Amino acid sequence: MSPLSALLWLLAAGAGFAYWNAARAAAERAGELGRNACKAAGVIWLDQSVHASGLRWRRGEDGWLGFERSFRFEYSHDGTDRHVGRLVLRKGRLVSFVGPAAPSVTPMGPH
């Protein structure tokens, strides 16, 4: 193996590891956000997991290109129904969320 091919192989392996590591970190962050949203809304987080549903290049607020990763998860209000929630992360930050909402609190007036 020539030094150039060894260097190219190491660069490719490093890029592959970086991609895999970023994907795992994003999935863990998405799981945390989905779990917390379900807990705040008082619903059941089904399957205790999120599923990657999309990946695309997107320009961030800083002007740099980066990956935007989409995830979906399922939740239930009473254990018999199923609803799909979706969230989108860009650089580990939540940029879009559709799912259970925390119950609104209405102040009670005097009776």
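This is a predicted model: local features need pLDDT of at least 70, side-chain atom pairs count only at pLDDT 80 or more; totals for chains, interfaces and linings use all residues.
H1 covers residues 3-41. How far apart should the ends of its 39 residues be? At 1.5 Å a residue, H1 should span 57 Å.

Four strands form an open sheet in the order S1-S2-S3-S4, with antiparallel pairing. S1 and S4 stand at the edges. Each has a single partner strand, so one side of each is left without a neighbour in the sheet. From one strand to the next, the twist averages 20 degrees. H1 packs on this sheet and touches S1, S2, S3 and S4. The direction of H1 makes about 40 degrees with that of S2.

The pairing of S3 and S4 can be followed in detail. These two strands are antiparallel and share five bridges. Arg86 has Val98 in S4 as its bridge partner.

Which residues of H1 are buried? They are Ala26, Ala27, Ala30, Gly31, Leu33, Gly34, Ala37, Cys38 and Ala41. The buried residues of H1 pack against S1, S2, S3 and strand S4 (93-98).

Next comes the core. In soluble globular proteins, nonpolar side chains tend to be buried together. Here the largest nonpolar core has 14 residues. Ala30, Cys38, Val50, Phe71, Phe73, Leu87 and Leu89 touch the most other members. Helix H1, strand S1 (44-59), strand S2 (65-76) and strand S3 (83-90) each give two or more residues to this core. The largest share, six residues, comes from H1.

One last stop is Glu74, in strand S2. Is Glu74 buried or exposed? Its relative accessibility is 18%. Buried means under 20%, so Glu74 counts as buried. What does its side chain meet in a polar contact? The partner is the side chain of Arg82, at 2.5 Å. Beyond four places in sequence, the contacts of Glu74 include Ile44, Trp45, Leu46 and Asp47. Arg82, His83 and Val84 are also among them.

Definitions and conventions: Residues are numbered from 1 along each chain as its sequence is written. Side-chain values use heavy atoms; hydrogens and water are left out. A nonpolar core is a set of buried Ala, Val, Leu, Ile, Met, Phe, Trp, Tyr and Cys residues joined through side-chain atoms within 4.5 Å. Buried means under 20% relative accessible area, exposed over 50%, partly exposed in between (1.4 Å probe, protein chains only). A polar contact is a pair of N or O atoms within 3.5 Å; within protein, one must be able to donate a hydrogen and the other to accept it, and residues adjacent in sequence count only if both atoms are side-chain atoms. Contact means heavy atoms within 4.5 Å. The expected span of a helix is 1.5 Å times one less than its number of residues. Two strands pair if DSSP finds at least two bridges between them. Axes are lines fitted to C-alpha atoms, for helices over the stretch in contact, and angles run from 0 to 180 degrees between N-to-C directions.
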